[in-house]
Amino acid sequence: MAANEWAWLPTPRKDILPTIQAALRKRFVFCDVIADLLSAACYEPCNVLLWGPGGHGKSEMAVTALRALGLRDEEIFIQSFGEGMSEDRLWGGPDMASLDTCVRYDTTRSFLAPQYKVVIFEELFDAPAQALLPLKDVLTRRAFMNGTERVEMSAKVVIACTNKDPREFAEGSDAVQALMERFLLQKEVRWPGYEAKHYRELFAKVRRGSSMGGKQLQTMLSKVIAGLNEEKTFIMSPRMAIQSLEVVSNAAKIHGDMTITPEAFQSIRFVQGMQSYTADLERRIERQLPDEKISIRLTDADFSHNDAGPLKTPRTEIPALIADSLSSRFIHCDEIVQVLTHAFFQPCNVLLWGPGGHGKSDMVMTALKKLGYLENEIFLQSFGEGMTEDRLWGGPNIAKLDECLEYDTDRSFLPFEVVILEEILDASSQALLPLTDVLTRRVFMNGNKSVPMRSQAIVACTNKDPRQFAKDSDAVKALLERFPLQLEVRWPSYDQADYEALFSKTNPDAGPDRRKLNRIYAHVIANLNDDRESGFQISPRIALGGLRLAANSVGRHQRKKMIVDDILTIRNVQGMESYKKDVESLIRSALREGGVEVLLSDIDERARQLRGKMQDINLKFASAKDLDDEARGDVNDEAIADMVDLMSTMDALKHELFSIDVSDPMLIKWKKRSEEAVDEVAAEIEAGR
């Protein structure tokens, strides 16, 4: 190797190993073997493959080592691979200036750009063979034929990181097998043990200078985490453990007393990955805590931030503002209050998931507005199957389209401090891969320009269960790791009391009649839940929409009291079309138990309508007198058929009224009045016959 080839690093060769060792030992545990491997890769230089379970800091260790050696961020290229990786994206996208003459790529946007000295490929083996085969050729020849131009690969070292076992991948893929041969050094990154002492050592490194109280917290939390681990099903990764320390210690400041109590440890349940527990996590955490009362006093040295915070609102004001804004409008929102408080307090990204109609985005917007953000200061974007990389970054810069593919990033989420991304898991991997890169590096390479990501807190909302998506998509799994906090948003129960509480929150000044309507409607929809197969629950959005529609129906028809038809308007609310059963019979059955007033009003209204029908029949008989014999016979036959139907309806109405059982004195009087009115109409019909 030429003499100048050895000088590609600012650090002398003899200092490579001790420099990397010193840098990694400050932040990581069980890192000496990795330090030795990375130093060997940089010393020669040659390519290296790091593989093993997620959350162990493979990429972080690589970046830490490279920075310690004196490399700048602009000299390190990081890219995520996955199902959506294409050859086009691998080489930097099309060269727009030559697109009408030949197919060329803008390699200045790829890892081939001359400024890059080291390349880090994340989840490399998740990419399709169409991308891996040409990459293997370039790693072999160290050059890429871009049309007729030969582009030399300047990077000396390629570090590939993956959560998968490459041995399993290589068995079924010749492309993976061939690519693996281009990585001389390979190592599994995994702790040899996950005991309390190991987590304690990790905490001591990330919280240097902690107070005695902070060290006591770290010792106790290490025991809790080790106790939660299940050898064959779940092991808390170092990344999850550090985030657990963050949320537990922050709980002391959030409560305002700088003291850790047993409740603070329950914040662990919000950490990404804890959703995989099927057992009662709260009870499991309690079992790991000591029996004696816990009260650990922390100091400012035990936190990774100061009280000023990077958001508009000082950290000390965030807990009360979020709690006030949500508790005044929503029910069952205690956990959402806690997870959003942690997310904006830290700040960090958070994923809210669960069935639709529970107001996930609405709660986030409400909290952010309370924190002082205006509508135009909150970036909100919906994802989906049609989400493209082009749309994600703000669309192409038309003025430069004939020169290079550059995006109008001012129209993307990058300049915004707070961001809401809806239905993020519905997007294709082609959009999720570059998003994952930017969330990792916090910078977007827009052509040759570096655009920083200013977003401090990104809240992703989805109706899908991320655990299911992560099983089927490595792009989704990688993206989920960029959201340290996660929470399923659903009500713990969907009973009458829950819906009544919801209606009371949305209309706190309701009068007695409206409160009665709320009670009856809540009873009805709670009963509809009980009769639905497959665990369907009427969401808060459906409940509120149905209630508004029912109340409007009374006014639209100029009635004084609600009848069954008004409640039946819920059939037209989005989400109710999936009902296969007879909704009317279910509603009437529910009203017999908790809404007799509506049934009595309904009977009164139907009796009035029957009187009107009797009058119409009499008019029909009268009109037939002036007709010829044949026409008069036809009209009379039609009127007689109507009379038969009317009598049958009246009999059914009387039977329905008789079957209503009431005990309240007011309802007894009402039922008696209804019986008298129905008997009067029945007598008129009998007389008319």
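Which residue stands opposite Asn446 in S14? Select Asn446 and look across: Lys449 is the one facing it. You're looking at a predicted model, where local features need pLDDT of at least 70, side-chain atom pairs count only at pLDDT 80 or more, and totals for chains, interfaces and linings use all residues. Residues are numbered from 1 along each chain as its sequence is written, and side-chain values use heavy atoms, leaving out hydrogens and water.

Stay here and show S13 (residues 443-446) with S14 (residues 449-452): they run antiparallel, joined by four bridges. Strands (E, at least two residues) and helices (H or I, at least four) are DSSP runs numbered from the N terminus, and two strands pair if DSSP finds at least two bridges between them. Two residues sit between the strands of this hairpin, and Gly447 has a positive phi near 65°.

Next, the open sheet: five strands, ordered S2-S3-S6-S1-S7, with parallel pairing. S2 (76-80) and S7 (185-188) are at the edges with a single partner strand each, so one side of each has no neighbour in the sheet. Zoom in on S2 and S3 (residues 118-122), paired in parallel over five bridges. There, Gln79 stands opposite Phe121 in S3.

Now pick H9 (residues 212-228) and H10 (residues 238-254). Their axes (lines fitted to C-alpha atoms over the stretch in contact, with angles from 0 to 180 degrees between N-to-C directions) come within 11 Å and cross at roughly 125°. Finish by showing the side chains where they touch (heavy atoms within 4.5 Å): among them are Leu217 and Leu221 of H9, and Leu245 and Val248 of H10.
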